[in-house]
Amino acid sequence: SLVAPLDVPLVPLRGEARSVGLDSNVAFTSEQPFRGSLLSQLSLSWVFPLLQRASSVEQLVPSDLFLPDPRGSPDALFETFLAKWTEATRHRNRSSRDGRCLLKVLGRIHLPGAAVCWLGRLVESLADFIFPLFLNLIVKFVEKPEEPAWKGLLLAVFLLLTQVFAIIIHAHASVGLNSMSMRIRASMITLIFRKVAILRQDSLSSFSPGRLNNLITTDVDSARRVVRVIHVLIVQAPVRMVISMISLYYLVGVSVFIGMSWMGVCILANPIIMYAQSKLEEKQQNKTDERVFKVKEIISAIHVVKCYAWEEPATAVINSARAAEILSMWRLYCLYILTEAMWGSVLPVTTLIMFGSYSRLHPEEPLLPEQVFPAIALLDTLNGTIFEIPWVLNEIVTALVAAKRIERLLFLPENTLPTTSCIGSLCAEEQVPAMGEAEMESSRAEDAAAIDFELASFCWPVASPQNEEDDADEYPDSGTQIAEFHLSNLTVSIPNGILAAVVGATASGKTSFLNAVLGEMPRGEPAEGEPGSARVCREKPIAFAPQQPWIFNASVQDNILFGEPYEEQRYKACIQSCDLEKDFERLKFGDQTKVGEKGIVLSGGQRARVGLARAVYRQKSSSIFLLDDPYSALDPHVARYVHDNAVQKHLAGSTRLLATNR
């Protein structure tokens, strides 16, 4: 089987060998992978029990499906990619983000498995020429009545066997390429999610959610599709065209070169068309990003739109963005049609010119059946390849654009939090080294400060587009243009176990200071002298309650626990200190009420207290609590109760840094 030599072999059904039969009621519950016999893998008959079971049950369960190979898991694929990526980008200039580095890394990982599948495609291409050869022999056999019948029967049997062999090779090569494309898709999606998880806030502000959504859906799928078809351009097209040309020259002589003149014109025009297509493809993707961003923005503010009756202006904005997207798509598909028409005309025009020139050059030699039928069969073989070339080129151009867009994300700056070190950095050589052993020991000392800044400077950089080639109007909403903001020469020492307040007017930098403590705000250049030091005790994770709490679509309890194990006494004390008991009584299902997207069911004050309760519940697992103005949406008496009971009493003994303007 051609699947077996791949780097991540395909594993058929779960269960022991006895489970693979025709009984549709068999449950594949064994955790041992069943790989099947040689005949089963050769004929792919191991899939029949799964198909039969799918037709006999209402819905398949995980135990009915394939047992994935551990080497094909997203985590394993990501670790392999990370090692190759770090090696490839160690000495690379990051200003040139053209996608080639990403494609090179994917090639190094998957090229050995792809080579095996391409070898199968090569054998399949060679087997395709057996049909014209046997057709020529069968026509000659029919023209000679004196030939014995067994000879014709033998030719027919050999023709059948070669076609069966070609089908088997085709099936296994297709399974291998599809398996590889799914592994690339899994690794790319894992890569994007992990990269987004460790991006700095200034990086996220310059990369809109709409673009991230397109990366996961459109661009990753483009990279997956090209793996399944690139062999046409690398292996099948050259082999089929060379053998077809040689065979046609043997049949019709120099007329084949005259007939191929139109193909030469198409090949010369193709680079110009591909360049124009690449530009149109990138512009179309940019317009799609802009339209997705505007739709998401209007949907998130739908209450304001309905309140002020702004439906018509909002619809006009979306229609305008959609019209620009459709216009760019119309231009792109017009070029697609032109390309398809140009390559589609190759076969009929070539046939006409070739047979016409043969009749003109050899008027005394009429075309014979043993020339015409094999020539038509060869041209038919060539026809499929010629029609596939523009399609494959389109897929390659789309994949190049997709790789360029994904690579821009991978080169964005990351934060250097120790809590994210387990994810794996894609910009490892640019990151600040982890805390040294000496600093780690000093941070464990009882008299060491929990937060210790000495002449430390931080800066929010101006948000800039991902690609310097992008026009200003191409990504108008890709990120907020933020004026550069500095926190210069900060010197502060906060001992363990105290409550410290950061008090200041609106927009004075309180949230930026908390982000500096978290490690989200980039270090800036000092005003003068040597750069200062910024040390934060990270023996335990930091609990952070942002000013705008993130509430996801689940129950109130799930939002508070946020992955922590449920402990009844600890949970009750938490909701009591955050004054949530009365709110739970008003909700229909108490703390099991679904809050909807962004906590739409809850009021602003309830969302703020749920976000605070999420941090308070982590009293055992966190040593530092950063509270970013949690009282801004609360009434004065509720704010006083929460401050006295949650912040001062419940979190007593922990290091608390509270930002407020009260």
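Search the whole structure and you find two cavities of 30 Å³ or more. A cavity here is a set of points on a 1 Å grid over the protein atoms alone where a 1.4 Å probe fits but cannot get out, and its volume is the space filled by probe spheres set on the points, with grid points joined across faces, edges and corners. Keep in mind that this is a predicted model, where local features need pLDDT of at least 70, side-chain atom pairs count only at pLDDT 80 or more, and totals for chains, interfaces and linings use all residues. Residues are numbered from 1 along each chain as its sequence is written, and side-chain values use heavy atoms, with hydrogens and water left out.

**The second largest cavity**

- The second largest cavity holds about 30 Å³ of space.
- Its lining (residues with an atom within 4 Å of a point) consists of Leu 77, Thr 80, Phe 81, Leu 106, Ile 109, His 110 and Ser 187.
- Sorted by class, that lining has four nonpolar, three polar and no charged residues; Ala, Val, Leu, Ile, Met, Phe, Trp, Tyr, Cys and Pro count as nonpolar, Asp, Glu, Lys and Arg as charged, and the others, Gly among them, as polar.
- Helices α3 (74–88) and α4 (100–128) each give at least two residues to this lining; helices are DSSP runs (H or I, at least four residues), numbered from the N terminus.

**How α3 meets α4**

- α3 and α4 pack at an angle of about 130°, and their axes are 10 Å apart; axes are lines fitted to C-alpha atoms over the stretch in contact, and angles run from 0 to 180 degrees between N-to-C directions.
- That angle makes α3 oblique to α4, as angles under 35 degrees count as roughly parallel, over 145 as roughly antiparallel, 65 to 115 as roughly perpendicular and the rest as oblique.
- The two helices cross in a right-handed way, meaning that the near helix is turned clockwise from the far one by less than a right angle.
- On the α3 side the contact (heavy atoms within 4.5 Å) uses Thr 80, Phe 81, Lys 84, Trp 85, Glu 87 and Ala 88, while α4 brings Cys 101, Leu 102, Val 105, Leu 106, Arg 108 and Ile 109.
- Eight of these contact residues are nonpolar, one is polar and three are charged.

**How α8 meets α10**

- Helix α8 (residues 209–252) packs against helix α10 (residues 261–300) at about 165°, with axes 10 Å apart.
- α8 and α10 are therefore roughly antiparallel.
- Among the residues in this contact are Pro 209 and Met 241 of α8, plus Met 263 and Lys 296 of α10.
- The contact splits into five nonpolar, five polar and four charged residues.

**α14 and its neighbors**

- Helix α12 (residues 311–344) and helix α14 (residues 369–410) pack at about 150°, with their axes 8 Å apart.
- So α12 is roughly antiparallel to α14.
- Ile 396 and Val 227 are 169 residues apart in sequence, yet 9.2 Å apart in space, C-alpha to C-alpha.
- Leaving out residues up to four places away in sequence, Ile 396 touches Val 226, Ile 230 and Leu 233.

Conventions
1 Å grid on protein atoms, 1.4 Å probe; cavity = no way out; pocket = protein on both sides within 12 Å on 5 of 7 lines; lining within 4 Å.
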